[in-house]
Amino acid sequence: MIATQLLYVGCGILLLILGLWSFLVHPPLLRKLIAINVMGAGVFHILVAIAYRGIDTPPDPVPHALVLTGIVVAVSATALALAFGQRLDRDDDR
Amino acid sequence: MIDSLVLAILAPLLGAVAVTLLPSQAPRLGLAAAVLAAAAGLSVTAGVWTNGVLRSELGGWGVPLAIALQADGLSAALLGMSSLVALSVSLYAVGYFKPSADGEPTADDATARHFWPLWLLLWSALNALFLAGDLFNLYVTLELLGLSAAALGALTGSREAVEANLRYLLVGLLGSLIYLLGVALIYTAYGVLDIGLLAEIVTPGPVAATAMALMLGGLMLKAALFPLHFWLPPAHANAPAPVSAALSALVVKAAFYLVLRLWLDLFGPITPLSAANLLGVLGAAAILWGSWRALRAERLKLLAAYSTVAQMGYLFIGFPLIAAAAPGPARDNLIAAVVLLALTHGFAKAGLFLAAGMVKKTAGHDRIDDLGGAAQALPAATFTIGLAGVALIGLPPSGTFVAKWIMLEQSLIMGHWWWVPVIMLGTLLAIGYVFRVLSRAFNREPTPYRFVSDARAEVPALLLGALAAGVLGLAAQPLWTLLLHGVIG
Amino acid sequence: MTRFVSWVLLPLGLVAIAGVLVWAFYLATTGETGARLADLALARVPETGVSNPVTSVLLNYRAYDTLLELAVLLAALLGIWSLGPAAPGFQRAAEVLQGMVAWFVPLLILAAGHMLWVGAYAPGGAFQAGALLGAAGVMLALAGHPSAGLPSEPVLRLLAILGVLVFCLVGLALMVLGLGFLTYPPGMAKWLILLIETGATLAIGVTLAAAYRGGRPARASEGAAP
C-alpha cells in the first residue's frame with residue numbers, strides 16, 4: 001500500500017522536477033508557462049496520491065477538493081499568462 | 001452576529017463586483033467601496049486593540065474541518081497600515097486617471113475602467129491574506145494577489161510593462177506552487193491545515209524542515225528577497241503610479257508578513273539558528289545591492305523600486321536577531337521593531353511612488369538628472385519625496401529610526417556586531433540616493449508657485465509621507481500595545 | 001559554461017532536491033499521522049446537505065476557499081480584458097462541422113446541467129459543469145462564431161460576477177440572520193449549495209469561454225447564443 005502511494009508521489013515529484021528544470025533552463029516565457037503547468041500537474045498528482053488510504057477505505061476527500069480548487073486557480077493563471085503572451089506577440093507584429 | 005473579519009474581506013470583494021457590473025460608474029462606485037473597505041479594515045484593527053485576538057471559524061464546523069479567520073496584533077497592525085495606504089491610493093487614483101473635461105472617452109478612462117475592479121480584488125486578497133489562519137486558504141489568497149497585481153502592473157500597456165509583469169506573474173506562480181508543495185507535505189505528515197492546530201503538533205525533523213524550506217522559499221521569491229529580486233524593479237517601475245505604490249508598499253509586504261507569521265507561529269521554535277542566519281545574510285546582500293542600484297538608477301521610479309529591494313532586506317535581517325534573542329523583552333522589542341519597519345516602509349514607499357507619479361505626469365518623464373525645477377513646480381510632491389526620504393534613511397523621528405536603533409542595540413548586546421556595519425552602510429547609501437533626487441529637484445531659482453497644485457492627488461501622498469516620517473516614530477508605543485495581543489509578551 | 005551549468009550542475013542539484021522530497025514524503029506517509037481530517041470529514045458528510053464528500057468539502061466545510069477561487073477566475077478574466085481587444089476570430093467552418101457543432105453544443109449544455117445536479121451525490125459539481133459550458137463556447141469559437149456564444153457586454157459582465165455575487169449574498173444573508181458567514185441552516189444546506197453551484201457554474205463557463213475568446217467584450221450585441 002505504501003509502495004503504491006509512494007510510486008504515485010514519486011511520479012508527481014518527477015513531473016515537478018522536470019518542470020522546474022525546464023522553467024530554469026529555457027528563456028522563452030511561453031516555455032516557462034508550460035513548465036509551470038507541468039510542475040502544477042506534479043503538485044496536484046502528489047495531492048491526489050496522499051489522499052489514498054488503502055484499498056478498503058474511502059480516500060480522504062480534503063486533498064481531492066484542494067486539487068479541484070488548485071486546478072481552477074492554475075487554469076485562471078494560465079489563461080491570464082497566455083493573454084499576456086498574445087499581447088506581446090501582437091506588439092511584435094506591429 | 002456581524003463578523004468584522006468577514007466584512008473586511010467582503011467589502012472590497014463586493015466593491016469589485018459592483019464596478020465590474022457598472023464600469024461607467026467605476027470611479028464613483030470604486031471610491032465608495034474603498035471608503036467602506038478601509039473602514040472595515042480599520043474596524044478590525046480597532047477590534048483587536050480593544051478586545052484582543054479575534055477569531056472566527058467559518059461555516060459552523062469548527063477547526064480542523066473549517067477554515068479559520070484570525071486577527072492578532074500582527075495581522076491588525078498590517079491590516080491597519082494597508083487600509084490607510086489603500087485608501088490613499090484610491091483617492092489618488094481618482095485624480096490620476098482623470099476623465100477628460102469634454103466628456104470624450106480618453107485612454108485614461110479605459111485604464112480607469114480596468115483599474116478599479118482589479119484594484120478592489122487585490123485589496124480583498126490582501127485583507128484575506130492578513131486574516132487567514134489556514135495554510136491552503138493562504139495559497140488561494142496568494143494567487144488572487146499575484147494575478148490581480150500582475151494584471152494591474154501591465155495597465156500602462158507599454159511593451160516593457162507587459163513583459164515585466166508576465167515575468168512577475170510566472171515567478172509568482174512558481175513561488176506559490178513551491179509553497180503549495182510545502183503545504184501538501186505538511187498535510188501528509190500532520191493531517192491538518194489550521195496554523196493554530198499545527199503549531200501544537202509540529203515537531204522538529206526532516207519533514208518539518210523540508211516543508212519550511214519549501215514554504216519559505218516560495219514566499220521569498222514573492223517577497224523579492226535577494227537574489228530572487230530580479231523581477232521586482234521592472235515590474236514596479238513600469239506600472240501606473242497608484243499601482244506601483246500598492247505593489248511596493250503592500251504586495252511584497254504581504255509575502256513578508258507570511259514569512260514572519262509562519263516563522264513566529266510554526267517554524268521558529270523548531271529551526272536551527274543557521275536557517276535564520278541564511279535569511280539574514282540574504283537580507284544584508286539585498287540592502288547593499290538594492291541601495292547601490294538605487295543610487296545608480298537613472299529614473300525616479302526605478303530608484304524607488306530598487307529601494308524596495310533594499311528595504312525588504314532590513315526586514316529579513318530581523319530573523320537572525322529574533323532567533324538569537326532569548327524570549328523576553330529584548331525579543332519582543334525586536335519583533336515589534338521589524339513590524340514597525342514594515343509599516344513605516346509601507347507608508348513611505350507608497351508616498352514616494354505617488355509623488356513620483358505626480359512628477360512624471362507633470363514633467364512627462366521621471367529622469368532624475370532632468371528633474372530641475374520640480375521643487376518649484378510641485379512643492380507638495382517634492383516635500384513628500386523629502387518626507388519619504390526621511391523614513392527611508394531612518395532619520396529621527398521616523399519609525400525606521402526607532403526600529404533601526406533597536407536592531408543596532410540588540411546586535412551589539414548579543415555580540416552579533418556584523419549586522420551593524422550592514423545597517424550603517426545601507427543607511428549611508430540611502431542618504432545618497434534620497435539626496436541625489438532632492439538636490440536635482442531644487443536646482444532652479446525659486447519661483448512663487450502654489451504649494452499644492454492638485455489636492456486630490458497630492459494630499460494623500462503627503463499624508464502618507466508625514467505618517468512615515470513623523471507620526472509612526474513619535475507614536476510607536478501603540479504598536480507595542482497592539483502586538484501584545486497574541487504576538488509578543 | 002552555461003551549458004555545463006544547465007545540463008550538468010542544475011540537473012544534479014534538482015536530482016538532489018528530488019531525493020530530499022521523496023525522502024520527506026516517505027517519512028511523512030509512514031510516520032505517525034495524527035488524526036487525519038479524512039475520518040472527521042467523512043463522518044460528518046450526512047450533515048452537509050450533499051452526499052458526495054468532495055462536494056461537502058468544496059461547498060460546505062471549505063466553501064470560503066471556493067469563494068476566493070471564483071474571485072481568482074474573475075481577476076484572470078478582468079486581466080485578460082485589460083490587455084486589449086480580442087484577436088480576430090476563426091474563419092467560419094464548413095457545412096459539416098457547423099452541423100456537428102449545432103448538435104454538440106446543446107448536448108454539452110445538457111451534460112453541464114446533469115453534472116451540476118449529479119455533484120450532490122457523485123463525482124461532478126460546479127467546476128466540471130462549468131468546464132463543459134466553457135467547452136461549448138470554445139467549440140463555437142473554433143467553428144467561427146465570433147461571439148463564442150457569449151451574450152452582449154452587460155449580460156456577460158453579470159454572468160462573470162454571478163458566482164462571487166451569489167456566494168457573497170448567501171454568506172452575508174446567513175450572517176445577518178445570526179447563523180454566521182456561510183453557515184447553512186440544517187435542511188436548507190442542499191438548496192443553498194445548489195443555488196451557489198448554479199451561479200458558480202454559469203460564471204465558470206462564461207469566464208472560460210470569454211478567456212478563450214480573449215480581449216475586451218464586444219460593445220454591441222453581435223450574435224446571440226446559437
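**View 1. Helix H3 of chain B, end to end.** Helix H3 (residues 73-96) of chain B has 24 residues, which at 1.5 Å a residue should span 34 Å; its end C-alpha atoms are 34 Å apart, so the two values agree. The expected span is 1.5 Å times one less than the number of residues. Helices (H or I, at least four residues) and strands (E, at least two) are DSSP runs, numbered from the N terminus. This is a predicted model: local features need pLDDT of at least 70, side-chain atom pairs count only at pLDDT 80 or more, and totals for chains, interfaces and linings use all residues. Residues are numbered from 1 along each chain as its sequence is written, chains are lettered from A and ligands numbered from 1 in the order in which they are written, and side-chain values use heavy atoms, with hydrogens and water left out. Of the 24 residues of H3(B), 21 are buried, so the helix is largely enclosed by the rest of the structure. Buried means under 20% relative accessible area, exposed over 50%, and partly exposed in between (1.4 Å probe, protein chains only).

**View 2. The interface of chain C and chain A.** Here 39 residues of chain C are in contact with 36 residues of chain A (heavy atoms within 4.5 Å). The two chains bury about 3,300 Å² between them, 81% of it on carbon and sulfur atoms. Buried area is the accessible area (1.4 Å probe) that two parts lose on being put together, summed over both. The rule finds six residue pairs in polar contact across this interface, both residues at pLDDT 80 or more. A polar contact is a pair of N or O atoms within 3.5 Å; within protein, one must be able to donate a hydrogen and the other to accept it, and residues adjacent in sequence count only if both atoms are side-chain atoms. Helices of chain C that give two or more residues to the side touching chain A include H1 (2-30), H4 (63-82) and H8 (189-213). H1(C) gives the most, with 13 residues. By class, this side of chain C has 28 nonpolar, six polar and five charged residues.

**View 3. The salt bridge between chain C and chain A.** The rule finds one salt bridge across this interface. The side chains of C:Asp39 and A:Arg53 meet in it, at 2.9 Å, N to O. The cut-off is a side-chain nitrogen of Lys or Arg within 4 Å of a carboxyl oxygen of Asp or Glu.

**View 4. C:Ala129 and its contacts.** C:Ala129 lies in helix H6 of chain C. C:Ala129 is buried, with a relative accessible area of 0%. Not counting residues up to four places away in sequence, C:Ala129 touches C:Ala112, C:Met115, C:Leu116 and C:Thr201.

**View 5. Two cis peptide bonds in chain B.** One joins B:Val63 and B:Pro64, with omega about 5°. B:Pro64 is in the loop between strand E1 (54-57) and strand E2 (68-71). Another joins B:Phe226 and B:Pro227, with omega about 0°. B:Pro227 lies in the loop between helix H8 (206-222) and helix H9 (232-237) of chain B.

**View 6. Positive phi in two loops of chain C.** C:Ala148 is not a glycine, yet its phi is positive, near 55°. Its place is the loop between H6 and helix H7 (153-176). C:Ala148 is buried, at 4% relative accessible area. C:Leu182 has a positive phi of about 60°. C:Leu182 is found in the loop between H7 and H8 of chain C, and is buried at 2%.

Key:
Nonpolar A, V, L, I, M, F, W, Y, C, P; charged D, E, K, R; others polar.
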